[in-house]
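I am opening my notebook on this structure. I will look up the sheet, then the helices, then the core.

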Amino acid sequence: MGLKDPFPAPRWHGRYDMIPAGHGEQGGMKLQGQVIWITGASSGVGEGMARVFHREGASLVLSARRQAELERVKASCQGPGTIDILPFDICDAAARAAAAQEVLSRHPRLDVLVNNAGIGQRAAARDTTLDVVRRIMEIDFFAPVALAGLVLPRMIEQQSGRFVVTSSVAGKHAVPHHSAYCAAKHALHGYFDTLRVEHLRDNIHVTLLVIAGIRSNVFRHALTGSGAEYGPSSWDNRNGMPAEDCAALVVDGMLANEQELVIGIDQALQAMRLRERDPQAFLERMAGMMQWLESR
Ligand SMILES: NC(=O)c1ccc[n+]([C@@H]2O[C@H](COP(=O)([O-])OP(=O)(O)OC[C@H]3O[C@@H](n4cnc5c(N)ncnc54)[C@H](OP(=O)(O)O)[C@@H]3O)[C@@H](O)[C@H]2O)c1
């Protein structure tokens, strides 16, 4: 008898373009009236969430560093809710605090914080300086933790809320040339799984997104061992899942109060399943991937 697949294929029924025309116009919007703050909304996964959440009736606050890109995303949104643009560097503690104050003063309630901004890595551990490890941990772990801490008191006060946290398959298993990124994403699970427990009685929920292979600029902006941006390359995710399809599945996952959502193209999720079934075969596969990366 075959082993039960511990990570069944992600649900694809949420393809956004399959939602019938007029959906929502009769009051069927899935996020009607919700106020959602999305970080990393200027590109990729966050941009897809902005468009889909807005179409589903949410009012949005969109953050990232590049104001012009946030304006572009805002202009492409077609829903009925409001959209505020709030550019800031998520690693700047003072800017983070000012941004949170701005959001909380503009909106009497905040339903969801989407901690999505992040940066990748493309270098072996032996070639990555400690400064770069710290920078990746700062963006991918400390900043989302700090931002959550700034809005948590409001969620406790209103006795409701949700943190959506963009993790990765790298939050579940090793990926060569991603040691600091894996460390940061694994740490997100430990922290936000605990926050979920501590605030269950406050009706505050956490949905961690274990994603892979979504179209974005994550590879291009990834840091090399010295901290330079990796830049364009032939190995990217342009053949990945459209970010809006990913976002549609996130909407359904939030509504179902999922604790963890696995979303991505099958090819990118294979290693996660293999690791559960056969850890030694997983190790060999990843060592092979390391050799392949280093031969390029
Ligand atoms: N795409 C995938 O398949 C995949 C897989 C696993 C996990 N993820 C995760 O998904 C999240 C989004 O990444 P993506 O794939 O959509 O890549 P992306 O296209 O490069 O988007 C990254 C976003 O983060 C923002 N950002 C980066 N550094 C920032 C900073 N210091 N302050 C504020 N904002 C910052 C960027 O905006 P600015 O440059 O304008 O600041 C951009 O909006 C990340 O957490 C990533 O680790 C993606």
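I looked up L209 and found that it stands opposite L261 in strand 7. I checked the pairing next: strand 6 (residues 204-212) and strand 7 run parallel, joined by five bridges. For me, two strands pair if DSSP finds at least two bridges between them. Strands (E, at least two residues) and helices (H or I, at least four) are DSSP runs, numbered from the N terminus.

I noted two things about the source. This is a predicted model: local features need pLDDT of at least 70, side-chain atom pairs count only at pLDDT 80 or more, and totals for chains, interfaces and linings use all residues. Residues are numbered from 1 along each chain as its sequence is written.

I traced an open sheet of seven strands, with parallel pairing and the order 3-2-1-4-5-6-7. Which strands stand at the edges? They are strand 3 (83-85) and strand 7 (260-264); each has a single partner strand, so one side of each lacks a neighbour in the sheet. The twist from one strand to the next averages 15°. Axes here are lines fitted to C-alpha atoms, for helices over the stretch in contact, and angles run from 0 to 180 degrees between N-to-C directions.

I then looked at what packs on the sheet. Helix 5 (residues 179-198) touches strand 5 (161-166) and strand 6, and its direction makes about 155° with that of strand 6. Helix 7 lies across strand 5, strand 6 and strand 7, running at about 160° to strand 7. Contact means that the C-beta atoms of two residues, placed from the backbone, lie within 7 Å.

I moved on to strand 1 and strand 2, which pair in the parallel sense over five bridges. V35 stands opposite S59 in strand 2. Is strand 2 buried or exposed? Five of its five residues are buried. I counted a residue as buried if 20 or more other C-beta atoms lie within 10 Å of its own, exposed if 12 or fewer, and partly exposed in between, with C-beta atoms placed from the backbone. S59, V61 and S63 cover one side of strand 2, and L60 and L62 the other.

**Helix 3**

Helix 3 (residues 93-106) has 14 residues. I listed its buried residues: R96, A99, A100 and V103. Seen down the helix axis, they fall within an arc of 100°, so they line one face of helix 3. The arc is that of the directions from the helix axis to the C-beta atoms. The face turned away carries the exposed residues A94, Q101 and S105. The buried residues are covered by parts including strand 1 (35-39), strand 2 (59-63) and helix 4 (130-158).

**Helix 1**

I found that 12 of the 12 residues of helix 1 are buried, so it is largely enclosed by the rest of the structure. Just after helix 1, G57 takes a positive phi of about 100°.

**Core**

Which residues touch the most other members of the largest nonpolar core? Of its 73 residues, they are F53, C246 and V250. Helix 7 (residues 243-255) gives the largest share, eight residues. A nonpolar core is a set of buried Ala, Val, Leu, Ile, Met, Phe, Trp, Tyr and Cys residues joined through C-beta atoms within 7 Å. Leaving aside neighbours within four places in sequence, F53 is in contact with L31, I36, A58, L60, A247 and V251.

Key: Expected span 1.5 Å × (residues − 1).
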